[in-house]
Amino acid sequence: MSRKARTSNTRKAKTDSDQLRWMYTQMVRIREFEEAVKCTFIEHAGLIRGHSHLGDGAEASIVGALSTRRETDIVMPSYRCHGYPIVLGTPLGKIMAEVFGRRDGMCHGFGGSMHLADPSRYFPGTSGIIGQGIAHATGAALSAQVKRGGQIVYCFFGDGASKQGAFFESLNMAAVWKLPIVYVLENNQYQAYTHFSLEDANAVAGEPLSKKARAFSIPGATVDGTDPLAVQRVVAKAAHRARTGDGPSLIETKFYRLSAHGNVITVPPLPTQFPEHEAVAVYGNRKEFERWKAKDPVKRFRARLLKNRVLTEASAQRIDAAARAEVQDAVQFALASPLPAPEEALEYVYA
Amino acid sequence: MAREMMYGDAIAAAIVGEMQRDPNVIFYGQNMAMTERDPMLKKFGKERVRIAPISETAEIGIGIGAAMTGLRPIVELWMSEFMLVAFDQVINEAPRLRYMSGGQVSVPLVLKAGFGFCAGWAGQHSNCIYHTMMGIPGLKVVVPSTSADAKGLMAAAIRDDNPVVYLHSYMLTLDKGEVPDGEYVVPLGVADIKNPGTDVTIVAIGWMVKKALAAAERLAAENISAEVVDPRTLAPLDVTTIVNSVKKTGRVVLVDQAPRHSSAAAVIAGEIAEHAIGSFDALRMVTALDTPIPYSEPLENYVVPNEDKIVEAVKSVLAQKAVAA
């Protein structure tokens, strides 16, 4: 091997390990953030209002997909949206402050957990109505196509959303117009409280949900959503297809939501709180829950990087500790941030 | 300079003008731009003028997403009732996204649709559904009644940074009127006094403005001076102009093609009640009867307001004894 080739291989290896460490770091940051939100329901009962939906379990899918993203690509997730701005670089304090309804929140307390938005980081916003945001993401892809700036759109939604008319209509139009978009169907196995085997035709037939892609004559693939590198491989292909003008793809990332759908729906003055996962609370199937918990994507990726010597135990601990400290700072920032003044409610109705 | 133009052509002229002015304006819908011969397609190309499948949820939702990311889409929906298929997008998405984001995004979107097609289209294609939308904060609702307004309000709707539902009366499509040439913008939220008068105020919307003006002409022959006020924009509603007219005349008739309890007239009556109390003697609403719109012509005519009903209502409010100070 020539010296030159060796140097470039070494450089590539370094880049690869850098990226792997970056991916692990993002996964831990998401996990720590969601754990902190959950803790808030205990430590500051009543502070988080309404409905919050956590993304623990989705880390590999989110980070694997977004690791293929370029700087100006647009990200449009569903209302289960904490993880994406974390990866995009929104300060965690601003995200937590929004969940807490504070003025320093990324949406000044007007959106809350379900409606995060950071357009400055190519995250225009979310819909809280299941599946409807798929159409908005498709519209963002129309913008990208018309403006010819080379952007593509990453559209994330759940298995439940794939039964909405908005899903079918949007994928049809995206295919007809060859829009630059990657549809990531995050199959976390529960549509709110209902197991997907009870409500999805493909699942009932024992087939992957990505089979829906065939209805639109676009590529469809199902991938292990607990493995960020597997997700990265498949999404990279779909992103390339979108970028080169060949149109949309549908990727089913299959994983398991590790928390319940959302906090318990309570009526004031009862404070909201987080229940056990539906597998346990609704279906009495603790075995299923434990089986998937054993496949925890963050723990598995950590073990893998230790084994491959991308991380040492010490460097992994440093990453973990840094994420924990960052999230604790975010909680303190959010707690210290003032609530909005009541009359601010009149702002932002019209542009 | 101005020229005579049909209401429908005036709308098209505004769209063409705005598309020439701003490359971010795009236009799409079902059953349009189907062949290479289409004049809009020829002018602006297939990136900006598109044909869409019968998918209102996606058509409107895509318009919202495109608007959030820098385009100014006009979605051709043809009939306002087709929006009902996708009402989540109209009511619960487009007007909410800016607010929920704390003002970070805007949704400059125009949803264009005809309404109130009283020409034998029966129960599902002849309705007036603006009442449902005029009370949604964040959404603007425009209902032009003349060719000039049709052009000026469309231009304003396209330039507006908010979602605007632009409802044109199918019954006025072929009506001719003077339209200013070139750039012509009628600001949203400003009512227009279509006929000044002193004895009674008639507030009318869309096609009903034409009926009210015809009624006013008949009343003038009987020495009754009717002021016809056209709100032009139902949201935001120019309450001031309406209330000032009512305070001046002391009597008011509200004419609306929609059924009574889902009419804009009902909302306007509430504003008059609160803001002009003590300065008017009588109010009547002339609305469609509380039925779906029937198919057969005599049935349809019976249900919808007409000149006779307006004249009768004006005379009845004038006959009412003065109570106001």
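## Close-up views of a predicted two-chain model

**View 1. Strand 9 of chain B runs antiparallel to strand 11 (residues 226–230) of chain B, the two being joined over three bridges.** The model shown here and in the other views is predicted. Within this pair, B:Asn195 has B:Val228 of strand 11 of chain B as its bridge partner.

**View 2. An open sheet of chain B is built from five strands in the order 9-11-10-13-14.** The pairing in this sheet is mixed. From one strand to the next, the twist averages 25°.

**View 3. Helix 8 (residues 207–221) of chain B packs against helix 12 (residues 307–319) of chain B at an angle of about 55°.** The axes of these helices are 9 Å apart. Angles of 65 to 115 degrees count as roughly perpendicular and those under 35 as roughly parallel; helix 8 of chain B is therefore oblique to helix 12 of chain B. The crossing of the two helices is right-handed. Helix 8 of chain B contributes B:Lys211, B:Ala212, B:Ala214, B:Ala215, B:Arg218 and B:Leu219 to the contact, while helix 12 of chain B contributes B:Glu307, B:Ile310, B:Val311 and B:Val314. By class, the residues of this contact comprise seven nonpolar and three charged, with no polar residue.

**View 4. Strand 6 (residues 220–224) and strand 7 (residues 249–254) of chain A pair in the parallel sense.** Five bridges link the two strands. Between strand 6 and strand 7 of chain A, the chain passes through helix 8 (residues 228–243) of chain A, forming a right-handed β-α-β crossover.

**View 5. The contact between chain A and chain B draws 35 residues from chain A and 36 residues from chain B.** On the side of chain B that touches chain A, at least two residues come from each of helix 2 (39–48), helix 3 (56–68), helix 4 (87–93) and helix 5 (97–100) of chain B. Helix 3 of chain B gives the most to this side, supplying nine residues. The side of chain B that touches chain A divides by class into 14 nonpolar, 16 polar and six charged residues.

Key. Residues are numbered from 1 along each chain as its sequence is written. Chains are lettered from A and ligands numbered from 1 in the order in which they are written. This is a predicted model: local features need pLDDT of at least 70, side-chain atom pairs count only at pLDDT 80 or more; totals for chains, interfaces and linings use all residues. Two strands pair if DSSP finds at least two bridges between them. Helices (H or I, at least four residues) and strands (E, at least two) are DSSP runs, numbered from the N terminus. A crossover is right-handed if, with the strands pointing away from the viewer, the path from the first strand over the helix to the second runs clockwise. Axes are lines fitted to C-alpha atoms, for helices over the stretch in contact, and angles run from 0 to 180 degrees between N-to-C directions. Angles under 35 degrees count as roughly parallel, over 145 as roughly antiparallel, 65 to 115 as roughly perpendicular and the rest as oblique. A crossing is left-handed if the near helix is turned anticlockwise from the far one by less than a right angle, and right-handed if clockwise. Two residues are in contact if their C-beta atoms, placed from the backbone, lie within 7 Å. Ala, Val, Leu, Ile, Met, Phe, Trp, Tyr, Cys and Pro count as nonpolar, Asp, Glu, Lys and Arg as charged, and the others, Gly among them, as polar.
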